[in-house]
Amino acid sequence: MAERHRREEVPQASSALDDKGRALELLLPGVLAEFEPEIVSTVNLVAATVKPHDISAVCRVAKEDPKLSFDYLMCLCVVDYVEHLQVVYHLYSTTLNHMMVLKANVSPDEPSLPSVTPLWVGADWYERESHDLFGVSFEGHPNMAPLLLYEGFEGYPGRRDFEMPEYREW
Amino acid sequence: MELNMGTGNMEPRSMLNQAAPGVITARSEQLIAMARKSSLWPMTFGLACCAIEMISTYMAHHDLDRFGIVTWPSPRQSDVMIVAGTVVKKMAEPIKILYEQMPEPKWVIAMGSCATNGGPYYRSYSVVMGVDHIIPVDVYVPGCPPRPEALIDGFLKLQEKIMQDARERGRKT
Amino acid sequence: MVDINTEGQLDTVQMMVNMGPQHPSTHGVFRMVLWVDGERIVDLEPHIGYLHRGSEKLCEGELYAQIVTLFDRLDYISNLNNEMVFCRAVEKLMGLEVPERAEYIRVILCELNRVASHLLFSGTFGIDAGAMTPIMYAFRDREKIQTMFEAVTGARMMHNYIRIGGVKGDVPDDFSQRMGALLKELRQGIDETDRLLSFSEIFLARTKGVGVINAETAIAYGMSGPSLRACGVPMDVRKDEPYSVYDRFDFGIPIGEKGDSWDRYYVRVMEMRQSMLIIEQALEQMPDGPTITPSRLVLRPPQGEVYVRGENPRGEIGVYLVSNGADKPYRVKVRPPSFCNLMAIKELLKGTYIADAVVILGSLDIVLGEVDR
């Protein structure tokens with residue numbers, strides 16, 4: 001029986017940074033040196049991975065350093081890579097018009113990070129949503145009540161091990 | 001509606017017609033049903049995308065007002081509840097409370113495929129697969145979203161249903 | 001106006017008022033629990049999640065081509081803009097080139113969608129402030145736009161027209177003439193609504209100075225779109241990071257001064273006129289050619305992640321797409337504009353009257369479909 005040809009290697013997306021992205025790629029290792037970030041470039045943005053307990057300090061540097069000045073939190077989300085949960089912050093600067101990605105990996109058993117609401121008030125509901133859907137807790141967040149799910153919902157629907165339900169009546 | 005007329009070439013059929021010719025009689029259920037169907041007041045209850053098409057149907061181009069249908073915000077004074085949009089489990093309790101607040105006789109139109117059976121969200125963890133799990137539904141209007149003409153058709157079906165129920169003496173309690 | 005000050009003279013008790021999920025003015029299933037002292041709001045707590053349908057999780061179980069329909073239903077008033085941002089995300093990940101004609105068709109339809117969305121906003125905002133007529137005019141014009149959409153895409157609302165690699169099919173042959181006639185009618189309609197509502201004394205009294213937010217707070221909350229531009233911040237993705245063919249058009253970004261509800265309303269009225277300028281320029285420049293780059297039905301993009309921004313009528317939408325090479329995405333996260341705009345509601349409403357609460361919520365122009373996803 002002929003087997004379908006399977007690609008052995010999954011192709012990687014090619015990175016195509018623009019000028020601002022390239023400038024950031026050169027700038028970030030210096031500015032964030034004390035946190036030992038891992039800098040990669042995704043398709044159109046520069047991503048820096050730091051340790052979870054450093055997130056507060058890194059975000060403060062990102063916001064206050066004049067060469068970065070990321071004063072706008074674009075998005076905060078969680079991605080479940082089964083061995084770890086990755087919290088992703090997309091930051092944007094309204095003054096310098098550049099954007100970067102900040103990532104932190106937490107363990108799925110006890111995912112906990114410092115909250116960034118003191119820096120950007122707009123992280124409030126994002127963190128509540130991440131807590132609801134993935135179970136990540138953010139220390140220092142003023143109010144971790146459920147946001148999207150009803151009271152008493154069991155399980156974390158965003159995670160990969162929460163099975164995608166097939167059609168059932170209720 | 002049966003007309004008992006005692007004038008013209010027809011024999012007067014009942015004593016009432018013999019006594020007072022030229023009087024049209026009908027059963028009270030049918031008259032009341034005709035009044036009810038001609039002025040259905042739906043409660044504004046748009047949940048999601050179907051609400052936009054529902055609003056379009058109320059507006060001047062498709063005009064539900066010509067059928068006597070006037071949208072009314074309070075459940076206490078409305079006849080019909082149009083469930084327009086996806087019913088989410090968190091919303092199930094408010095829907096039940098609202099339904100119970102409506103006085104009799106009341107009807108429910110499930111507009112759109114989400115309210116009918118879950119629609120495009122049939123595999124979701126937080127969606128109720130059709131509002132008929134929570135409240136009894138009289139008319140289902142399919143579509144995603146249903147065209148305004150389809151919603152008007154749903155209302156006309158509901159009007160037919162009201163008259164039919166009265167005719168069969170199956171009054172909605 | 002006589003200001004009756006009863007501080008220190010009357011014993012008052014705070015009352016909890018629930019503007020529940022079903023409310024004529026909450027524009028969807030949004031719940032606010034207000035603590036009021038008399039008519040003034042002392043504190044409030046917003047509750048969302050009454051329309052959480054799990055779209056992001058559902059995306060992980062569908063092919064890329066099927067997800068376009070899910071995105072249609074997120075912000076159900078600006079369907080084409082949502083489809084466009086998702087298709088752009090996949091195209092960027094795959095490095096797929098979109099033909100020029102398709103880009104122009106996309107821009108024309110997205111801008112027409114912007115006009116339709118702002119028309120709906122101006123109508124419903126009029127209702128919030130008490131004006132019953134502008135909504136009739138707004139929907140009359142919206143019907144014309146929806147008829148045009150039906151001629152091009154086949155549906156009035158959930159179009160499923162912008163596909164990965166281009167658009168589903170070509171526009172009708174008489175598209176330019178019909179669009180020219182439509183734009184003329186729309187201009188008249190918008191001018192009519194504008195004359196009726198924008199500078200009416202009652203409307204000004206209800207919206208001027210109501211719900212003021214300053215630029216720093218707005219940026220801290222992550223607000224975007226007309227709500228942010230009304231505070232004086234000239235942020236617009238079409239100008240900051242031009243995508244598709246927006247860099248070929250000459251259009252302006254209306255900016256407000258004070259950040260109150262009237263500014264948020266009038267910025268949108270002016271944006272409608274700018275959108276029509278864009279459509280006219282696009283109709284002139286549109287080249288001939290194919291309308292889609294053929295690709296497989298079952299797409300397998302390369303492994304990687306991408307974040308793409310787009311300018312929705314409500315603000316800036318972002319799509320974060322993570323792919324692991326499979327035919328279904330690994331994670332799709334939508335950054336909805338109304339989510340961030342709505343976060344500022346607590347700050348905006350404290351200290352205002354209940355009647356102003358309705359106007360302020362209406363001026364933010366939220367759509368619960370994308371707040372809850």
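Accessible areas are worked out with the Shrake-Rupley method and a 1.4 Å probe, and for residues only the protein chains shown count as cover.

## Before we start

This is a predicted model, in which local features need pLDDT of at least 70, side-chain atom pairs count only at pLDDT 80 or more, and totals for chains, interfaces and linings use all residues. Residues are numbered from 1 along each chain as its sequence is written, chains are lettered from A and ligands numbered from 1 in the order in which they are written, and side-chain values use heavy atoms, with hydrogens and water left out.

## Chain A as a whole

Let's begin with the overall picture of chain A. The accessible surface of this chain comes to about 8,600 Å², and 50% of that belongs to carbon and sulfur atoms. Its C-alpha trace spans about 55 × 55 × 25 Å along the principal axes. Of the 170 residues in chain A, 49% count as buried; here buried means under 20% relative accessible area, exposed means over 50%, and partly exposed lies in between (1.4 Å probe, protein chains only).

Contacts tell us about the chain's layout too, where a contact means heavy atoms within 4.5 Å. Among the contacts in chain A with a separation of 6 or more, 52% are between residues 24 or more positions apart. Chain A also carries 14 positive and 28 negative charges, whose mean positions are 6 Å apart. In this count Lys and Arg are positive and Asp and Glu negative, while His and the chain ends are not counted; each charge is placed at NZ of Lys, CZ of Arg, CG of Asp or CD of Glu.

## Helices and strands of chain A

Chain A has three helices and seven strands. Both are DSSP runs numbered from the N terminus: helices are H or I with at least four residues, and strands are E with at least two. Reading from the N terminus, the order of elements is α-β-β-α-β-β-β-β-α-β.

Five strands of chain A form an open sheet with mixed pairing, in the order S1-S2-S5-S4-S3. Strand S1 (38-41) and strand S3 (72-81) of chain A each have a single partner strand and stand at the edges, so one side of each is left without a neighbour in the sheet. Neighbouring strands of this sheet are turned by 25° against each other on average, direction ignored. Two strands count as paired if DSSP finds at least two bridges between them. S1(A) and strand S2 (residues 46-50) of chain A run antiparallel and are joined by four bridges, and A:Val40 stands opposite A:Ala47 in S2(A).

Two helices lie across strands of chain A. Helix H2 (residues 55-64) lies across S2, strand S4 (84-92) and strand S5 (99-106) of chain A, running at about 175° to S5(A). Helix H3 (residues 124-134) of chain A lies across S3 and S4, at about 10° to S3(A). For these angles, axes are lines fitted to C-alpha atoms (for helices over the stretch in contact), and the values run from 0 to 180 degrees between N-to-C directions.

## A closer look at one leucine

Is A:Leu26 buried or exposed? A:Leu26 counts as exposed because its relative accessibility is 73%. This residue sits in helix H1 (residues 19-31) of chain A. The C-alpha atoms of A:Leu26 and A:Leu119 are separated by 25 Å, and the two residues are 93 residues apart along the chain.

## Chain B in brief

Chain B has six helices and four strands, which run α-α-β-α-β-α-β-α-β-α from the N terminus on. Buried residues make up 50% of its 173 residues. Of the contacts in chain B with a separation of 6 or more, 73% are between residues 24 or more positions apart. The accessible surface of chain B is about 7,900 Å², with 55% belonging to carbon and sulfur atoms.

## Strands in chain C

In chain C, an open sheet of three strands has the order S1-S2-S3 and antiparallel pairing. Strand S1 (15-19) and strand S3 (40-47) of chain C stand at the edges with a single partner strand each, so one side of each is left without a neighbour in the sheet. S1(C) pairs with strand S2 (residues 31-37) of chain C over five bridges, and C:Met19 has C:Met32 in S2(C) as its bridge partner.

Strand S6 (residues 304-312) of chain C is mostly covered, with nine of its nine residues buried. S6(C) is joined to strand S7 (residues 315-323) of chain C by nine antiparallel bridges, and a hairpin connects S6(C) to S7(C) through two residues.
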